[in-house]
Amino acid sequence: QVQLVESGGGLAQAGGSLRLSCAASGGTFSRYTMGWFRQAPGKERELVAKISASSSLTDYRDSVKGRFTISRDNAKNTVNLQMNDLKPEDTAVYYCAADLIYYKRSSYAYWGQGTQVTVSS
């Protein structure tokens, strides 16, 4: 059983930056693909970025490419999402998630509780 706890959300102005962190416990972190998802009000949850267990592979949704960077530290059991040049459409609850399979875009096995990101124009 993997427990995930997100931190770092908050309010930012358009063009600003935020850094989300996710701390994992209860499992072998280095075995898991880690993903960041988001869900805006009235919309479905969507995959924002993911990183493979060894950090050799990353993937981003098109709307965040060049602005967001996912990284992980397997020694510290953490995964981060650096978000730059934020836009109002980035406003959502952001979730950290873990799964053993890299080639998935949904239905991850473990989820955090979410952290709110609000971007004002």
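This is a predicted model: local features need pLDDT of at least 70, side-chain atom pairs count only at pLDDT 80 or more; totals for chains, interfaces and linings use all residues.
Local features need pLDDT of at least 70, side-chain atom pairs count only at pLDDT 80 or more, and totals for chains, interfaces and linings use all residues. Residues are numbered from 1 along each chain as its sequence is written, and side-chain values use heavy atoms, with hydrogens and water left out.

Start with the disulfide, a pair of cysteine sulfur atoms within 2.5 Å. A search of the whole structure turns up one. Its partners are Cys 22 and Cys 96, with an S to S distance of 2.1 Å. The torsion about their S-S bond is about -80 degrees, so this disulfide is left-handed. Where do Cys 22 and Cys 96 lie? Cys 22 is in strand β3 (residues 18-25) and Cys 96 is in strand β9 (residues 92-99), so the pair ties together parts that are 74 residues apart in sequence. Strands here are DSSP runs of E, at least two residues long, numbered from the N terminus.

Are the two cysteines buried or exposed? Buried means under 20% relative accessible area, exposed means over 50%, and partly exposed is in between (1.4 Å probe, protein chains only). Cys 22 has 1% relative accessibility, so it counts as buried. Cys 96 is at 0%, so it is buried.

Now turn to the aromatic rings. A pair of them is described by the distance of the centres and the angle of the planes. Rings of Phe, Tyr and Trp (its six-membered ring) pair if their centres lie within 6.5 Å; planes under 30 degrees apart count as stacked, over 60 as edge-to-face and the rest as tilted. The structure holds six such pairs. One of them joins Tyr 102 and Tyr 103: the centres are 4.9 Å apart and the planes stand at 90 degrees, so the pair is edge-to-face. Tyr 102 is buried at 13% relative accessibility, whereas Tyr 103 is exposed at 68%.

Tyr 108 and Trp 111 form a tilted pair, 6.3 Å centre to centre with 55 degrees between the planes. Tyr 108 is buried at 4%. Trp 111 is partly exposed, at 26%. These residues also belong to one aromatic cluster, together with Phe 37 and Tyr 95.

Charges come last. A charge sits over a ring if NZ of Lys or CZ of Arg is within 6 Å of the ring centre and within 35 degrees of the ring normal. The charged end of Arg 45 sits over the ring of Tyr 95, 5.4 Å from its centre. Tyr 95 is one of the cluster residues. The charged end of Arg 72 sits over the ring of Phe 29, 4.4 Å from its centre.

How values were computed: Helices (H or I, at least four residues) and strands (E, at least two) are DSSP runs, numbered from the N terminus.
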